[in-house]
Amino acid sequence: MNKKTKKILNEEELIQEDMKLLAIERLKSIPSNYQISVGGDGSFSRDEAIENVKNDSEIGKELIDVQIEFLRDMAQGELYKYE
Amino acid sequence: MNDSSILITRPNHDRPTNYLFYWSKPVIKTAEDRGFSILDLKGKKANKKALTSYFKRHKPKIVFFNGHGNIDVITGIDNQILIKANDNDDLLADKIIYARSCKSAKMLGENCVRNKKVIAYIGYINDFILLNDSEKVTKPLKDKIASYFLEPSNLVVKTLIKGNSPKEAYDRSQKESIRKIKHLLSPKTSKEEKSLVPYLWRNMKAQVLIN
């Protein structure tokens, strides 16, 4: 692996880590009495959902994806397309 | 074909299916009020044998699936397969389908409409996400948090029952999701309620009409 590839990989890892931290912070805004069910993959408390994100589980990755997709869409004005 | 019958599957073996079980009741009420005969495969009756038998004896125009699923299947009680692409999806020919289950629109829905003469398939290309209030699990219909997720989806079948097209049913459900999202984003709502929005947004984007 050359230096350039290594640098890109490190940057991607940093972005992934940032996205994870962002998702965790946003999950913290969910009240502790809310439960989250993601398809047939189970139901989780807020704290269990945060643990899933921290542990890079498939559910955790999906929860990150939900948050990032929403933020990206809002930044691109997707909601206003429904005016 | 009996145009005024609706078949509903609603297993109740875990928390999300139990919510779907209860939240199907307002839809059943609307169907009854409109004179529909209800073919209600609830709880343990949500199995493949009963489903096959009902399809052979009755000709429901609308089929409303509640339960878990994947790209090529919809499941019933204890996650038993009810419908599988290229296995028994012929049963759905000439019907309008709403599958409140994960991902099944991705492959099963496409296959049904393209190859099995299904009139229209409304479903999800991604996981259906549901948030609920842990203090309301014994009274799902009183759960305001869950209502944000389940009222827009109920509107699909309620609109069909009222004689509207699948396109109108889909559009009304989408509009109701947007209305709820905008309401939650307004200054009137709490930070806690706003935390629901990304999940509602995901469900709305995952919901598709194939016809």
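Because the model is predicted, local features need pLDDT of at least 70 and side-chain atom pairs count only at pLDDT 80 or more, while totals for chains, interfaces and linings use all residues.

**Stop 1: chain B as a whole**

You will find eight helices and 10 strands; helices (H or I, at least four residues) and strands (E, at least two) are DSSP runs, numbered from the N terminus. The radius of gyration of chain B is 16 Å, close to the 17 Å from the globule rule for 211 residues, so chain B is as compact as a globular protein of that length. Here the radius is taken over C-alpha atoms, and the rule is 2.2 Å times the number of residues to the power 0.38. The C-alpha trace of chain B spans about 50 × 35 × 30 Å along its principal axes.

Now colour by burial. A residue is buried if 20 or more other C-beta atoms lie within 10 Å of its own, exposed if 12 or fewer, and partly exposed in between, with C-beta atoms placed from the backbone. Of the 211 residues in chain B, 49% are buried.

**Stop 2: strand β7(B)**

Next, select residues 96-100 of chain B, which form β7. Five of the five residues in β7(B) are buried. Ile96(B), Tyr98(B) and Arg100(B) point one way, and Ile97(B) and Ala99(B) point the other way. In a regular strand the side chains alternate between the two faces of the sheet.

Which strands pair with β7(B) in the parallel sense? One is β3 (residues 62-66) of chain B, joined over five bridges, and another is β8(B), joined over three bridges. Strands count as paired if DSSP finds at least two bridges between them.

**Stop 3: helix α6(B)**

Move to residues 166-185 of chain B. Helix α6(B) has 20 residues and reaches 29 Å from its first C-alpha to its last, close to the 28 Å expected at 1.5 Å a residue; that expectation is 1.5 Å times one less than the number of residues. Show side chains for Pro166(B), Ala169(B), Tyr170(B), Ser173(B), Ser177(B) and Ile181(B), the buried residues of the helix. Look down the axis of α6(B): these buried residues fall within an arc of 105°, so they line one face of the helix. The arc is that of the directions from the helix axis to the C-beta atoms.

What do the buried residues of α6(B) pack against? Their partners are β7, β8 (120-124), α5 (144-161), α8 and β10 of chain B.

**Stop 4**

Select Ile210(B), in strand β10 (residues 207-210) of chain B. Why does Ile210(B) count as buried? Because it has 21 C-beta neighbours inside 10 Å. Beyond its neighbours within four places in sequence, Ile210(B) is in contact with Ala105(B), Gly109(B), Glu110(B), Val113(B), Ala120(B) and Tyr121(B). A contact means that the C-beta atoms of two residues, placed from the backbone, lie within 7 Å.

Then jump to Asn47(B), in the loop between β2 (37-42) and α3 (48-57) of chain B. Asn47(B) has 20 C-beta neighbours inside 10 Å and so counts as buried. Leaving aside neighbours within four places in sequence, Asn47(B) is in contact with Gly76(B), Ile77(B) and Gln80(B).

**Stop 5: chain A**

Chain A has three helices and two strands, in the order α-β-β-α-α along the sequence. Its radius of gyration is 15 Å, well over the 12 Å that the globule rule gives for 83 residues, so chain A is more spread out than a compact globule. Of those 83 residues, 25% count as buried.

**Stop 6: where the chains meet**

Bring chain B back. The contact takes 24 residues from chain B and 19 residues from chain A. On the side of chain B, the elements giving two or more residues are α1 (15-23), β9 (129-133), α7 (191-194) and α8 (197-206).

Finally, zoom in on strand β1 (residues 34-38) of chain A, which runs antiparallel to β9(B) and is joined to it by five bridges. Select Tyr34(A) to end the tour: Asp133(B) in β9(B) stands opposite.

Terms used:
Residues are numbered from 1 along each chain as its sequence is written. Chains are lettered from A and ligands numbered from 1 in the order in which they are written.
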